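Work through the exercises below with the model open in your viewer. Try each task before reading its solution.

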Amino acid sequence: AGKSKVDDDVLDNLEEVLVSSDVGVNTTLKIIERIEERVLRDKYLGTDELNQLLREEIAGLLSETNVGEEVDFSIPNQKKPYVIMVVGVNGVGKTTTIGKLAYQFKKQGKKVVLGAADTFRAAAIDQLQVWADRVEVPIVKQNMGSDPASVAYDTLKSAVAQNADVVIIDTAGRLHNKINLMNELTKVKRVMQKVVDSAPHEVLLVLDGSTGQNAFEQAKQFTKATEVTSLAVTKLDGTAKGGVVIGISDQFKIPVKYIGVGEGIEDLQVFNKYEFVDSFFK
Amino acid sequence: MFDNLSDKLDKALHVLKGHGQITEINVAETLKEVRRALLDADVNFKTAKEFTNRVKEKALGQNVLTTLQPGQLMVKIVKDELTSLMGGDAAGIDLSGNPSVILMSGLQGSGKTTFSGKLAGFLKNKKTKKPLLVACDVYRPAAIDQLHVVGEQLEVDVYSDRENNNPVAIAKAAIAHAKTNGHNVVIVDTAGRLAVDEQMMTEIANIHKAIKPNETLFVVDSMTGQDAVNTAKAFNDVLNFDGVILTKLDGDTRGGAALSIKSVVNKPIKFIGTGEKMDAMDVFYPSRMADRILGM
Ligand SMILES: Nc1nc2c(ncn2[C@@H]2O[C@H](COP(=O)(O)OP(=O)(O)OP(=O)(O)O)[C@@H](O)[C@H]2O)c(=O)[nH]1
Ligand SMILES: Nc1nc2c(ncn2[C@@H]2O[C@H](COP(=O)(O)OP(=O)(O)OP(=O)(O)O)[C@@H](O)[C@H]2O)c(=O)[nH]1
Ligand SMILES: [K+]
Ligand SMILES: [Mg+2]
Ligand SMILES: [Mg+2]
């Protein structure tokens, strides 16, 4: 017995929570529609059940792409070196995420090499060098202004020679509407294949958790240029929720792998969709 | 998506016109489209609501429903309202101090260091000032190096002290340095910080207290979503900043954060960043921003 539909206030409130978490109007409406359908089918719904339903629906949108349900920082064993190229718009946290990831892999006893292919931004190379020193892993670099593809090439050569397990390539931040810069990224990727023909095994797109709907276009354009295979969402230690990744993950079928929760070396976590959804209500 | 908001509104109103009597309910329908456009542009949820309520009153006052192209008139009302909300007091920079002290603030990666450089270049080249850049970010790896590289590119002096990890002391020493070396503008770059980080917010409050800046600027990434209001409000509560810098507008973000921030703190948007190069800045044009938010 009880209500056969959720009342409007509850749905309005849900809409506000989702939109305010940067989920976006489209995805929000999609989620609300699904909930309305479920309510029609299952009839009675109290607030607790509704919250549970919401978690399920959002998790559902994220789940097709999170098949592995990763629980730790693991990399496939068969590929050696396993090459990760990190891309994204300016200032989202690429270099920092690389430092944190290198730390995690190193902790597991992996041999990690970093490549400083951001040769453009002021002191970008020095910044990655600081991280390499912190984690105590080797870095391959050239001078500021040199060809990023050439740095990536050198890095892979060196990694192969050292018999490294993981290579992480930093790239300069670039806005996705700059065609030349996006083409440059395609070239960096292609050049790596001259050394390791299946490289890069992973293209990690870093999204700033405080970014709004523009993240969609970022995902679209970076995917076009480099076939993004995974996402990291940073700066979730603040009040921003990063909800836009729900729609992105759903539409482009790219899994969210990591979240950044601070500036420190330990502040990277493996993405957990339930905790992520719960954070919208805090 | 809303390249043709005007068409959409025309259609919404037209259909309803067919029913003869046009009422407040019809306007409400079209306002839904406006609200949706604003939310898609990352205007804050509450700001968008308040905004559409204001537009509704204006629309009902201006007989939108009896004109031939009601959609166009609605768009005009929306645009004018957006423009006037984001505009206001023409916003220069206070250069009256000797030296004039400018303090930069904002979240991580918003573009503070880059804009510090751009502003220094602008003041040097366009206003014949002798700026000093000050490195008060003692946390981010290579932050000091970054500011030095920028300074070298611009041929502007940079003050830093790698032995000192107290930004308040560095800022004070830099101002003394500026006085003895004839710098008439001091631009203090600070570390990125989150509004919820109490310790870091206290730090910048202390810098602010110690150097009493002529201008405190809040630097915000134009791609920011719904959180823009929280952050702007929190920084404003602590610093009572004088103006906003909106960066990375060379991208394709609609930039609704501009409206949200203006409505929540009511401080002028003074400059925009339009690229990574040191000359990529401009003054803020409210009307252009309104077009952009509406996707027109
Ligand atoms: N609070 C917080 N700050 C972060 C996080 N990740 C990165 N940052 C900070 O964000 C700022 C930018 O980070 P970077 O790693 O330099 O970003 P990037 O994408 O490499 O930037 P560019 O190379 O200039 O495009 C730095 O101040 C970082 O310390 C995070 O998860 N939380
Ligand atoms: N395309 C574009 N990039 C910009 C603009 N302003 C800054 N950037 C880039 O954004 C990234 C971050 O800029 P920074 O100046 O390092 O930002 P910050 O606020 O000092 O960062 P933290 O010190 O880490 O908090 C860099 O890659 C800059 O080149 C802009 O207007 N357009
Ligand atoms: K940002
Ligand atoms: Mg970087
Ligand atoms: Mg900085």
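This is a predicted model: local features need pLDDT of at least 70, side-chain atom pairs count only at pLDDT 80 or more; totals for chains, interfaces and linings use all residues.

**Exercise 1. Strand 6 of chain B**

Solution: 
- Step 1. Set the cut-off: buried means under 20% relative accessible area.
- Step 2. Apply it to residues 243–247.
- Step 3. Sort the directions. In a regular strand the side chains alternate between the two faces of the sheet. Here G243(B), I245(B) and T247(B) point one way, while V244(B) and L246(B) point the other way. Both sets are buried.
- Step 4. Take one partner. Strand 5 (residues 215–221) of chain B pairs with strand 6 of chain B in the parallel sense, over five bridges. Within this pairing, D221(B) stands opposite T247(B).
- Step 5. Strand 5, helix 9 (residues 228–239) and strand 6 of chain B form a right-handed β-α-β unit.
- Step 6. Take the other pairing. Strand 6 of chain B runs parallel to strand 7 (residues 269–273) of chain B, and three bridges join them. I245(B) has F271(B) as its bridge partner in strand 7 of chain B.
- Step 7. Follow the chain onward. From strand 6 of chain B it passes through helix 10 (residues 257–265) to strand 7, in a right-handed β-α-β crossover.

**Exercise 2. Strand 6 of chain A**

Task: Carry out the analysis for strand 6 of chain A, residues 230–234.

Solution: 
- Step 1. Check burial. Five of the five residues are buried, so strand 6 of chain A is largely enclosed by the rest of the structure.
- Step 2. S230(A), A232(A) and T234(A) point one way. L231(A) and V233(A) point the other way.
- Step 3. Pair with strand 5 (residues 202–208) of chain A. The two strands run parallel and are joined by five bridges. L207(A) is opposite V233(A).
- Step 4. Pair with strand 7 (residues 256–260) of chain A. This pairing with strand 6 of chain A is parallel too, over three bridges. L231(A) is opposite V256(A).
- Step 5. Helix 8 (residues 214–226) of chain A lies in a right-handed β-α-β unit with strands 5 and 6 of chain A. Helix 9 (residues 244–252) of chain A lies in a right-handed β-α-β unit with strands 6 and 7 of chain A.

**Exercise 3. Cavities**

Task: How many cavities of 30 Å³ or more are there? What lines the largest cavity?

Solution: 
- Step 1. Count. There are two cavities of 30 Å³ or more.
- Step 2. Size them. The largest cavity holds about 170 Å³ of space.
- Step 3. List the lining of the largest cavity. It has 20 residues, and S210(A), L107(B), Q108(B), T224(B) and T231(B) lie nearest the centre.
- Step 4. Assign elements. Strand 5 and helix 9 of chain B each supply at least two lining residues. Strand 5 of chain B gives the most, with four.
- Step 5. Classify. The lining of the largest cavity has eight nonpolar, eight polar and four charged residues.
- Step 6. Turn to the second largest cavity. Its lining includes G238(A), T239(A), L107(B) and T231(B). By class, this lining has four nonpolar, three polar and one charged residues.

Conventions:
Residues are numbered from 1 along each chain as its sequence is written. Chains are lettered from A and ligands numbered from 1 in the order in which they are written. Side-chain values use heavy atoms; hydrogens and water are left out. Buried means under 20% relative accessible area, exposed over 50%, partly exposed in between (1.4 Å probe, protein chains only). Two strands pair if DSSP finds at least two bridges between them. A crossover is right-handed if, with the strands pointing away from the viewer, the path from the first strand over the helix to the second runs clockwise. On a 1 Å grid over the protein atoms alone, a cavity is a set of points where a 1.4 Å probe fits but cannot get out, and a pocket is an open set with protein on both sides within 12 Å along at least five of seven lines; lining residues have an atom within 4 Å of a point. Grid points are joined across faces, edges and corners, and a volume is the space filled by probe spheres set on the points. Ala, Val, Leu, Ile, Met, Phe, Trp, Tyr, Cys and Pro count as nonpolar, Asp, Glu, Lys and Arg as charged, and the others, Gly among them, as polar.
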